[in-house]
Amino acid sequence: SGYGHSYAPRTYQPPAVPVTAGGELSTAYRGEGSGQWMTRSSWQTDATYANFICGPYSESHAHRDQCSFVIHRGSWLAYDGNVASHSGIEQDEFMHNLVRLMHDGSTVTQVEGAPRCNMRALADTEHYSYGVAQATPIYNGKPQVAKVEREFLFIKPATFVVFDRVEVSPGTSRIWTLNLPGEPTLEGERIGYANGSNRLDVLRLAPVGLSSTWVAGSRVETVHSVGTQSLFLHVLGTNGSVGAATRADASGQTGALITLADGRSATVRFSNTGTGATLELRAPN
């Protein structure tokens, strides 16, 4: 106004979108350009929703969050630490739900401009959604990193199985990180978080004997520093969806037998060295 100029306001009209019944829309979507993969159990308001990231890290303000996930059911149960940040642009690995690597006291960071994370496979069916993410390229050949892979399985309507396959150089620790909106209960291999009637229960089946800690009032960290390989296997239930979960390995595979609260059982096994998994889902009858 100090220069005597005036500008007419602009009006932007959104494109016309036809009305569509929710049942006609897919409950899963992959954004190839951004690497975002979204899946939900239904279009009802009480649905379980998850987002899993594997794509490029090519922008200066992008986050180092490849292979991370979030889960929502009624409220945020596992979320991104940026939700509680001042700016929303905190890039550090510890803000995201992934396996963070530490060497000589410093984080081994993902590299802007490196080859993109490779979403090796995706599937979405009536009974499950599944993704395999290979984040090794995003570390751009750093000598501390030999392999970083995550397999993400959503057993609909409410249960998740997350398997991490990580290989590093000697002296590099692997930290399984879970950001939560509030303080959890930590009991041995179990993590529990409740927000009113909404609840997340996490059971670590591999490796056993590790301690989890609540760090900075924002996240759970589970450190594995033995040897140079980690095979993390976690079962995550929402709102009491998991009755029990036990190890169910096979030759060359790490697995879980999960009893679901709806009476079904699921046997899931992941390859220890390759990629891929098997799922056997049985109804009560």
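Reply: A disulfide here is a pair of cysteine sulfur atoms within 2.5 Å. With that rule, a search of the whole structure finds one disulfide. The model is predicted, so local features need pLDDT of at least 70 and side-chain atom pairs count only at pLDDT 80 or more, while totals for chains, interfaces and linings use all residues. Residues are numbered from 1 along each chain as its sequence is written, and side-chain values use heavy atoms, with hydrogens and water left out.

Me: What makes cysteine 54 and cysteine 117 a disulfide?

Reply: The S to S distance of cysteine 54 and cysteine 117 is 2.2 Å, and the cut-off is 2.5 Å, so the pair qualifies. The link is left-handed, with -100° about the S-S bond.

Me: Which parts does the pair of cysteine 54 and cysteine 117 tie together?

Reply: Cysteine 54 is in the loop between strand 3 (49-53) and strand 4 (69-72), and cysteine 117 is in the loop between strand 7 (106-107) and strand 8 (118-124), so the tied parts are 63 residues apart in sequence. Strands are DSSP runs of E with at least two residues, numbered from the N terminus.

Me: Why is cysteine 67 in no disulfide?

Reply: The nearest cysteine sulfur, that of cysteine 117, is 4.5 Å away from that of cysteine 67; the rule asks for a pair within 2.5 Å, so cysteine 67 is left out.

Me: Why is cysteine 67 called buried?

Reply: Its relative accessible area is 4%. Buried means under 20%, exposed over 50% and partly exposed in between (1.4 Å probe, protein chains only), so cysteine 67 counts as buried. Cysteine 54 and cysteine 117 are buried as well.

Me: How many aromatic pairs are there?

Reply: Rings of Phe, Tyr and Trp (its six-membered ring) pair if their centres lie within 6.5 Å; planes under 30 degrees apart are stacked, over 60 edge-to-face and the rest tilted. By this rule there are six aromatic pairs.

Me: Why is the pair of phenylalanine 152 and phenylalanine 160 called tilted?

Reply: The ring centres of phenylalanine 152 and phenylalanine 160 are 5.6 Å apart, and the planes are at 40°, so the pair is tilted. Phenylalanine 152 is at 0% relative accessibility and counts as buried; phenylalanine 160, also at 0%, is buried.

Me: What makes phenylalanine 154 and phenylalanine 160 a stacked pair?

Reply: Their centres are 4.5 Å apart and their planes at 10°, so the pair is stacked. Ring pairs link Trp37, Phe52, Phe69, Phe152, Phe154 and Phe160 into a cluster.

Me: How do you know that arginine 165 is buried?

Reply: Arginine 165 has a relative accessible area of 0%, and the limit is under 20%. This residue is found in strand 11 (residues 159-168).

Me: Which side chain has a polar contact with that of arginine 165?

Reply: That of glutamate 151, at 2.7 Å. A polar contact is a pair of N or O atoms within 3.5 Å; within protein, one must be able to donate a hydrogen and the other to accept it, and residues adjacent in sequence count only if both atoms are side-chain atoms. The backbone oxygen of serine 271 lies 2.9 Å from a polar atom of the arginine 165 side chain.

Me: Why does arginine 219 count as buried?

Reply: Arginine 219 counts as buried because its relative accessibility is 10%. Arginine 219 is in strand 17 (residues 219-224), and its side chain makes a polar contact of 2.7 Å with the side chain of glutamate 221.

Definitions and conventions: Helices (H or I, at least four residues) and strands (E, at least two) are DSSP runs, numbered from the N terminus.
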